[in-house]
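Visitor: I am new to this structure. Please take me closely through one part of it, the sheet and what surrounds it.

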Amino acid sequence: MSEQDSDTERNARHKRAMQRKKAHVDQRIAQATIDKGLLVVLTGNGKGKSSSAFGMLARSVGHGMRCGVVQFIKGQWECGEQLLFNDHPLVEFHVMNTGFTWETQDREKDIAAAEATWHQAEKLLADPDCQVVLLDELTYMLTYGYLDSDRVCQALESRPADQHVIITGRNASDRLTGLADTVSEVRDIKHAFNSGIRVQKGIDY
Ligand code: ATP
Ligand code: MG
């Protein structure tokens with residue numbers, strides 16, 4: 001068989017395969033007819049949870065949607081997402097006013113701060129005008145037992161039916177992933193920090 005013939009045959013095979021694939025994709029798209037507020041959980045030990053969540057926030061704001069953000073752990077560095085969205089007219093932004101729990105080293109103070117911050121989240125989760133709620137690093141509040149899991153799940157379950165919620169943080173519980181519509185686990189393959197590279201503006205914060 002000449003080189004040209006084999007190319008023609010390969011192209012024809014590719015076309016048939018793509019036609020089958022398109023028929024399959026079109027059928028699946030036609031079957032997805034439901035609109036609802038999603039609960040998206042981004043967990044795992046790799047880098048990319050909060051940045052993905054803020055990517056969805058940027059998309060939503062781009063569409064003119066009203067959004068709320070609650071950050072449950074305040075980092076050492078002022079993060080770019082906060083600088084960008086803090087004063088944005090479509091975004092209500094709350095940050096827990098303590099640092100990392102290994103820096104405060106005061107459990108009672110952390111619990112009080114977690115509860116006060118959760119109260120802001122509850123208000124957003126009860127607001128039908130708020131279309132997207134981002135609860136960044138919420139999972140740690142549950143892992144440390146700072147927040148009651150029943151209280152958190154109850155607020156998530158009784159939120160407006162068309163409100164989207166995005167939750168980030170490592171070790172999301174089975175209960176939380178069970179409630180979610182979409183769950184992604186970011187796996188740590190390699191991180192620059194482990195080669196002694198310090199956090200980089202724009203990429204890490
Ligand atoms: P990002 O905000 O960059 O998307 P993240 O939300 O997935 O990260 P967090 O656990 O919230 O991850 O950590 C936030 C900070 O820790 C970021 O500066 C990030 O680069 C860094 N980090 C994330 N994963 C790792 C890791 N596996 N090893 C070391 N540092 C990490
Ligand atoms: Mg994060």
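Guide: Two strands count as paired if DSSP finds at least two bridges between them. The model is predicted. In it, strand β2 (residues 67-71) runs parallel to β3 and is joined to β3 by five bridges. Within this pairing, valine 70 lies opposite histidine 94 of β3.

The two strands belong to an open sheet of six strands, ordered β3-β2-β4-β5-β1-β6 and paired in parallel. The edges are held by β3 and β6 (182-185); each has a single partner strand, so one side of each has no neighbour in the sheet. From one strand to the next, the twist averages 10 degrees. Helix α5 (residues 107-125) packs on this sheet and touches β2, β3, β4 (132-136) and β5 (164-168). The direction of helix α5 makes about 160 degrees with that of β2.

The structure holds four aromatic pairs. One of them is stacked: phenylalanine 54 and phenylalanine 93, at 6.4 Å centre to centre with 15 degrees between the planes. This pair links distant parts of the chain, since phenylalanine 54 sits in helix α2 (residues 49-62) and phenylalanine 93 in strand β3 (residues 91-95), 39 residues apart. Phenylalanine 54 is buried, at 6% relative accessible area, and phenylalanine 93 is buried as well, at 11%. Together with Phe85, Phe54 and Phe93 make up one aromatic cluster.

Notes
Residues are numbered from 1 along each chain as its sequence is written. Chains are lettered from A and ligands numbered from 1 in the order in which they are written. This is a predicted model: local features need pLDDT of at least 70, side-chain atom pairs count only at pLDDT 80 or more; totals for chains, interfaces and linings use all residues. Side-chain values use heavy atoms; hydrogens and water are left out. Rings of Phe, Tyr and Trp (its six-membered ring) pair if their centres lie within 6.5 Å; planes under 30 degrees apart count as stacked, over 60 as edge-to-face and the rest as tilted. Helices (H or I, at least four residues) and strands (E, at least two) are DSSP runs, numbered from the N terminus. Buried means under 20% relative accessible area, exposed over 50%, partly exposed in between (1.4 Å probe, protein chains only). Axes are lines fitted to C-alpha atoms, for helices over the stretch in contact, and angles run from 0 to 180 degrees between N-to-C directions. Contact means heavy atoms within 4.5 Å.
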